[in-house]
Amino acid sequence: MSGSSRRPAASKALSKSDRKVQKRTPKQPLPVPERLKRLFTSLCAQIDGGHFTNAVKTCDKILKLEPRDADALQTKLFLLLQTEQYDASLALIEANDDTVSHEFERAYSLYRKQREPEAREVLNAIKAEKGDDDRGAIHLEAQLNYRVGSYHVALDLYNQLLDTAEPRSEEQSDILTNLQASQQHVDFIDKGFLHALDGLPTSISSTIESAPPPTQSTSSAAALASTVADAQPAPKPVVKKVRMSRVPAGVVPGVTPPPDPERWLKKSERSTFGQGRRRKGAGGGGGATQGSAAVETAGASAASQPSKSGGGKGKKRK
């Protein structure tokens, strides 16, 4: 009986030791394909939810496991352009130029960095390779021409895009907006500027071409600077926050009246000492005259009465 009772206890001890060994053994990491699958699932969810900053971090994790993954590179480049990180997008293109060609993204990043000559060179290379029918290249070329002031060329390109755009699409709405802006500039250059010149007096219009450009006087510039300075709002005073831990009990900041600043002085040294007190013996109004009359009357009556202890009376008899 004793041997049979010891066996279950030993088996229990062994089972506990096995559990400890199982707890101590580290968890095996997932294989790379499984980790990539989970990361791409998270990436799709982040892009669908509009969390582009977190999506860029997920792309970095994927590229750390698979540095030459074309899908991750393309997605990260798209996210950088969406978040307007054009320096980072150019650096990514330069670092992976041998993997996939991103000439259009390079031209667009250069355009947004206001490097128009370089952007036009890349754009000309794209047109030479893909032809003149690439819609992305036409859009970018129209924007470049609009920025440098070639409004007629931009207007022609937007009309070309409008003819082949899908009706009631977002692209058509953008084209119409840019087309209207280009048309306004063209109308001003072709007609509005000339009409404005025709409306000027002859004395001005005849000498406008030979007249030097107007110079701004120093006094007017100083007056303008002072006007601008006066128009600026005054800075708001910084309100120091009261620490409630230092406020005595029963005191509400801003509501309870402040303590007397002269509370530390003697009463005789305070500015309010002697105020509100009446002098001794002073009456109201003409009290001084009435008091003197009363004193004189009392003295006269006392003088007229005989003294009780006077000598008129004899000595007391024994």
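Mentor: Let's start with a rule: a salt bridge is a side-chain nitrogen of Lys or Arg within 4 Å of a carboxyl oxygen of Asp or Glu. The model here is predicted: local features need pLDDT of at least 70, side-chain atom pairs count only at pLDDT 80 or more, and totals for chains, interfaces and linings use all residues. Residues are numbered from 1 along each chain as its sequence is written, and side-chain values use heavy atoms, with hydrogens and water left out.

Trainee: Okay, why do Glu94 and Arg106 count as a salt bridge?

Mentor: Their side chains come to 2.5 Å, N to O. The limit is 4 Å, so the pair qualifies. Glu94 lies in helix H5 and Arg106 in helix H6 (residues 103-112), so the bridge ties together parts 12 residues apart in sequence. A helix here is a DSSP run of H or I with at least four residues, numbered from the N terminus.

Trainee: What makes Glu94, Glu103 and Arg106 a network?

Mentor: Salt bridges link these three residues. Arg106 and Glu103 both sit in helix H6, 3 residues apart, about one turn of the helix.

Trainee: Is Arg106 buried or exposed?

Mentor: Buried means under 20% relative accessible area, exposed over 50%, and partly exposed in between (1.4 Å probe, protein chains only). Arg106 has 10%, so Arg106 is buried. Glu94 has 52%, so Glu94 counts as exposed, and Glu103, at 25%, is partly exposed.

Trainee: How many salt bridges are there by this rule?

Mentor: The count comes to 9. Another one joins Glu141 and Lys127, with closest N and O atoms 3.1 Å apart. That pair links distant parts of the chain, Glu141 in helix H8 (residues 135-148) and Lys127 in helix H7 (residues 116-130), 14 residues apart.

Trainee: What kinds of elements does the chain have?

Mentor: Helices: 13 of them, and 0 strands. A strand would be a DSSP run of E with at least two residues.

Trainee: Why is Cys44 in no disulfide?

Mentor: A disulfide is a pair of cysteine sulfur atoms within 2.5 Å. The nearest cysteine sulfur to that of Cys44 belongs to Cys59, and it is 9.8 Å away. Searching the whole structure gives 0 disulfides. Cys59 counts as buried at 0% relative accessibility, whereas Cys44 is partly exposed at 45%.

Trainee: What makes a set of residues a nonpolar core?

Mentor: It is a set of buried Ala, Val, Leu, Ile, Met, Phe, Trp, Tyr and Cys residues joined through side-chain atoms within 4.5 Å. The largest has 15 residues, and Leu43, Ile62, Leu79 and Leu92 touch the most other members. Helix H2 (32-49), helix H3 (52-65), helix H4 (70-82) and helix H5 (86-95) each supply at least two of its residues. A separate core has 12 residues, including Tyr151 and Ile175. In soluble globular proteins, nonpolar side chains tend to be buried together.

Trainee: Which residues make the nonpolar surface patch of about 400 Å²?

Mentor: Phe188, Ile189, Phe193 and Leu194. Patch residues need over 30% relative accessible area and no salt bridge; like charges are joined within 9 Å, and nonpolar side chains (Val, Leu, Ile, Met, Phe, Trp, Tyr) within 5 Å. Leu194, in helix H10 (residues 170-198), has 45% relative accessibility and counts as partly exposed. The cut-off is over 30%, so Leu194 clears that part of the rule.

Terms used:
Accessible areas come from the Shrake-Rupley method with a 1.4 Å probe; for residues, only the protein chains shown count as cover.
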